[in-house]
Amino acid sequence: MKFNFGTGIVIAMGLFMVFILQYVIRVQVNPKFDNELVTENYYQQEIEVDGRHDREVAALKLSRPVGIEVSSEGVVVSFPKEFDYKKITGKIFLYRPSNQKLDFDIPISLSSSNLLIPNTNLVDGRWDIAIEWNYEGSDYRNIDKLTVK
């Protein structure tokens, strides 16, 4: 077999493809390179976009919005005082954009119009919070971004 220019190009292309392929395999197999999604149920959540939007608009129309504050003890969620806190149900979702493993949700269980999420559950940094709640058959959704220090 003669080694000429065409053979050299084919060998060089083959070596380049093997070189790139080994990087692709390394990134897919090595747990150090995390390939996680923002959410596991991405398509299901996209189907529910209109409903979420309607709940967000309903929350914006409230005379007093839900208050979300970061304090030294944790995150304080304050529901409107004109609502009977015993009739408020729902969930609070906390998303960590940089690490899906830290995401968690909390059922809303109130003994006053305020709910405290303790700092023990939160790592310093940015969090996205979504509060899905219901009061006497009306659904609401509040979203915000937090920085915990």
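Predicted model: local features only at pLDDT ≥ 70, side-chain atom pairs only at ≥ 80, totals over all residues.
## Two domains

Let's start with the overall layout. The domain assignment of the protein lists domain 1 as residues 1–35 and domain 2 as residues 42–148. Taken over C-alpha atoms, the centres of domain 1 and domain 2 are 48 Å apart.

## The helix at the start

Now look at helix α1, which covers residues 5–29 and has 25 residues. From its first C-alpha to its last, α1 reaches 36 Å, close to the 36 Å expected at 1.5 Å a residue.

What caps the N-terminal end of α1? The cap is N4: one of its side-chain oxygens lies 3.2 Å from the backbone nitrogen of G6.

In soluble globular proteins, nonpolar side chains tend to be buried together. The largest nonpolar core in this model has 25 residues, and V77, I129, I131 and W133 have the most contacts inside it. Strands β2 (74–78), β3 (88–95), β5, β6 (125–135) and β7 each supply at least two residues of this core. Which strand gives the most? That is β6, with five residues.

Beyond its neighbours within four places in sequence, V77 is in contact with V66, G67, I92, S113, N114, L115, I117, I129 and I131. Two residues on that list, I129 and I131, are also among those with the most contacts inside the core.

## R141, a buried arginine

R141 belongs to strand β7, residues 138–148. Is R141 buried or exposed? With a relative accessible area of 12%, R141 counts as buried, because the cut-off for buried is under 20%.

The side chains of R141 and E132 are joined by a polar contact of 2.4 Å. Setting aside neighbours within four places in sequence, R141 is in contact with R52, R55, E56, A59, A130, I131 and E132.

## L116, partly exposed

L116 sits in strand β5, which spans residues 114–118. Its relative accessible area is 40%, so L116 is partly exposed: the value falls between the 20% and 50% cut-offs.

Apart from neighbours within four places in sequence, L116 is in contact with E73, G74, V75 and V76. L116 and I68 are 48 residues apart in sequence, and their C-alpha atoms are 9.9 Å apart in space.

Notes:
Residues numbered from 1 in each chain as written. Heavy atoms only, no water. Helix = DSSP H or I, 4+ residues; strand = E, 2+ residues; numbered from the N terminus. Buried < 20%, exposed > 50% of the residue type's maximum accessible area, 1.4 Å probe, protein only. Contact = heavy atoms within 4.5 Å. Polar contact = N/O pair within 3.5 Å; in protein donor to acceptor, adjacent residues only side chain to side chain. Expected span 1.5 Å × (residues − 1). Core = buried A, V, L, I, M, F, W, Y, C linked by side-chain atoms within 4.5 Å. Domains from an automatic or database assignment.
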